[in-house]
Amino acid sequence: MNTNVTEANSRPVRLAPLDLLGLGLLGIRTRKMRAALSALGISIGIATMIVVTGIPASSQKALLNELSAMGTNMLQAQPVPNPNSPVLLPPESVDMVRRIGPVTMASAVANTHATVHRSDHVDPDDYAGLTILASEVNLLPAINAEVRSGRFLNAATERFPTAVLGSVAATRLGFAKLNDRGPAPQIYINDRWFTVIGILARTPLSPDIDRSVLVGWDAARAQLKFDGHPTVIYIKARESAMEAVRGVLPATVYPELPGMVQISRPSDALAAKRATQTTFSALFLGLAGVALLVGGIGVANTMVISVLERRREIGLRRALGANRGQIRGQFLTESVVLSALGGVAGTVLGILATVGYATYQHWPPVVPLTSVAEGFGGAVLVGMIAGVYPSIRAARLTPTEALASA
């Protein structure tokens with residue numbers, strides 16, 4: 001009986017997690033200013049990590065948007081020029097292109113071989129040098145174009161004699177902008193009146209559209225004897241699959257004569273965009289590592305100093321029966337708590353700084369979620385690593401050594 005009691009009394013007392021947390025918070029509560037400065041050190045490190053990843057990410061996003069506007073995900077398919085025997089693409093070729101998995105959008109225009117004049121009083125031989133194109137209603141997003149004045153063709157207007165002018169075509173026909181008040185102007189196409197409902201802004205990715213008059217696909221069939229064969233097909237696809245899509249387009253557009261279809265090569269901006277993404281990814285990783293290293297050194301330094309300053313406390317707790325594991329757990333917990341508090345504050349500070357700077361620079365604010373998660377998780381991990389040596393050092397102090405050196 002006495003032996004069992006002796007064995008029970010000799011077993012080390014294990015602290016419950018809440019008790020261990022309370023001990024860890026004890027040093028923080030009794031030394032609030034030092035704890036605040038310690039947490040500030042790690043928070044600056046974490047905030048720096050988020051800022052140095054968030055701001056370049058925002059800059060990268062702005063740059064990638066500019067590169068995307070240069071047509072990094074766009075291709076064009078059209079017949080190989082053959083003056084002797086013009087090649088006609090099948091009318092169903094656009095629908096076939098849309099069935100390619102990585103293709104996100106496909107649209108088309110077709111030359112109607114019609115002529116346009118400002119009015120019926122103009123000499124028919126006075127050719128304005130403009131092309132009359134039948135257009136699908138989804139052309140604008142397919143070529144990254146915008147309407148400068150008025151509106152574009154839609155499912156309702158494409159069936160009627162309405163027209164949209166390219167920027168150069170509008171200038172040559174004498175239209176600067178459309179007046180919202182009063183009747184819409186009209187132009188004369190193949191001895192038929194068409195109402196002008198819109199004027200496009202300049203389209204640098206498709207300069208031929210600037211010198212064209214666009215009419216609805218159905219209206220071109222009904223009014224201009226259009227045969228339904230597309231002249232140019234505009235394709236948008238996932239950037240990662242551009243080469244694969246380009247490889248299958250000829251056989252998809254014209255299965256009988258794929259060699260008679262020419263496909264534009266991907267924009268040089270796509271290669272620049274891919275290089276930019278790779279470079280920025282390496283930059284993010286390096287900056288994040290440096291920021292975490294600086295924060296970890298700060299926490300380790302703070303905890304070592306804390307051990308040196310609190311020798312009396314350590315000696316007194318050891319004299320009262322605290323074992324080495326409890327001392328080690330107390331200082332390790334305190335280190336982790338300090339780092340976690342600094343991580344939370346640094347995450348908030350970093351996000352606010354990133355959003356504020358990106359907004360000031362007119363960039364799209366980007367705060368990588370991985371940076372936020374890695375920031376807080378890294379803070380806790382750094383706190384654990386940084387607290388290992390101080391906690392072991394504190395646990396090795398005997399009551400006599402601690403009290404004698406205090």
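The legends below describe several close-up views of one predicted model.

Residues are numbered from 1 along each chain as its sequence is written, and side-chain values rest on heavy atoms, with hydrogens and water left out. Because the model is predicted, local features need pLDDT of at least 70 and side-chain atom pairs count only at pLDDT 80 or more, whereas totals for chains, interfaces and linings use all residues.

**View 1. Overview of the chain.**
The chain contains 14 helices and eleven strands, where helices (H or I, at least four residues) and strands (E, at least two) are DSSP runs numbered from the N terminus. Of its 406 residues, 43% are buried, a term that means under 20% relative accessible area, with exposed meaning over 50% and partly exposed lying in between (1.4 Å probe, protein chains only). The chain exposes about 21100 Å², of which carbon and sulfur atoms supply 60%; accessible areas come from the Shrake-Rupley method with a 1.4 Å probe, and for residues only the protein chains shown count as cover. Among contacts between residues at least 6 apart in sequence, 81% join residues at least 24 apart, a contact being heavy atoms within 4.5 Å.

**View 2. Strand S8 and its pairing partners.**
Strand S8 (residues 192–200) pairs with strand S5 (residues 147–150) in the antiparallel sense over three bridges, two strands being paired if DSSP finds at least two bridges between them. In this pairing, Ser149 stands opposite Ile199 of S8. Strand S6 (residues 162–165) runs parallel to S8 and is joined to it by four bridges, with Thr162 standing opposite Thr195. Strand S7 (residues 186–189) is likewise joined to S8 by four bridges, but in the antiparallel sense, and here Gln186 stands opposite Thr195. The hairpin of S7 and S8 has two residues between the strands, and in it Asn190 takes a positive phi near 50 degrees.

Ser135 belongs to strand S4 (residues 131–135) and is buried, with a relative accessible area of 0%. Leaving aside residues up to four places away in sequence, Ser135 touches Ala108, Val109, Phe152, Leu153, Glu158, Leu214, Val215, Gly216 and Trp217.

Asp95, Arg98 and Glu136 are linked in a network of salt bridges, each salt bridge being a side-chain nitrogen of Lys or Arg within 4 Å of a carboxyl oxygen of Asp or Glu. The side chains of Asp95 and Arg98 meet at 2.7 Å, N to O, and both residues lie in helix H4 (residues 93–98), three residues apart, about one turn of the helix. Asp95 is partly exposed at 42% relative accessibility, and Arg98 is partly exposed at 35%. The side chain of Arg98 also forms a salt bridge with that of Glu136, again at 2.7 Å, N to O. Since Arg98 lies in helix H4 and Glu136 in the loop between S4 and helix H5 (139–143), this pair ties together parts that are 38 residues apart in sequence. Glu136 counts as buried, at 17% relative accessibility.

**View 3. The salt bridge between Arg211 and Asp208.**
The structure holds three salt bridges, one of which joins Arg211 to Asp208, with the closest N and O atoms 3.0 Å apart. Arg211 is partly exposed, with a relative accessible area of 35%, whereas Asp208 counts as exposed at 51%.

**View 4. Positive phi values in two loops.**
Most residues other than glycine have a negative phi. Lys225, in the loop between helix H8 (217–224) and strand S10 (232–237), has a positive phi near 55 degrees and is exposed, with a relative accessible area of 76%. His362 lies in the loop between helix H12 (324–360) and helix H13 (369–396); its phi is positive, near 60 degrees, and His362 is exposed, with a relative accessible area of 73%.

Met33, Leu37, Leu40 and Ile44 make a nonpolar surface patch of about 420 Å². Leu40 lies in helix H3 (residues 32–68) and is partly exposed, with a relative accessible area of 43%. An unreviewed UniProt entry places the feature "transmembrane region" at residues 35–55, 283–308, 336–360 and 366–389. Over residues 336–360 the chain is 100% helix and 0% strand, with the end C-alpha atoms 35 Å apart.

Notes: Patch = residues over 30% accessible without salt bridge, like charges linked within 9 Å, V, L, I, M, F, W, Y side chains within 5 Å. UniProt positions renumbered as here; feature names shortened; annotations may be inferred.
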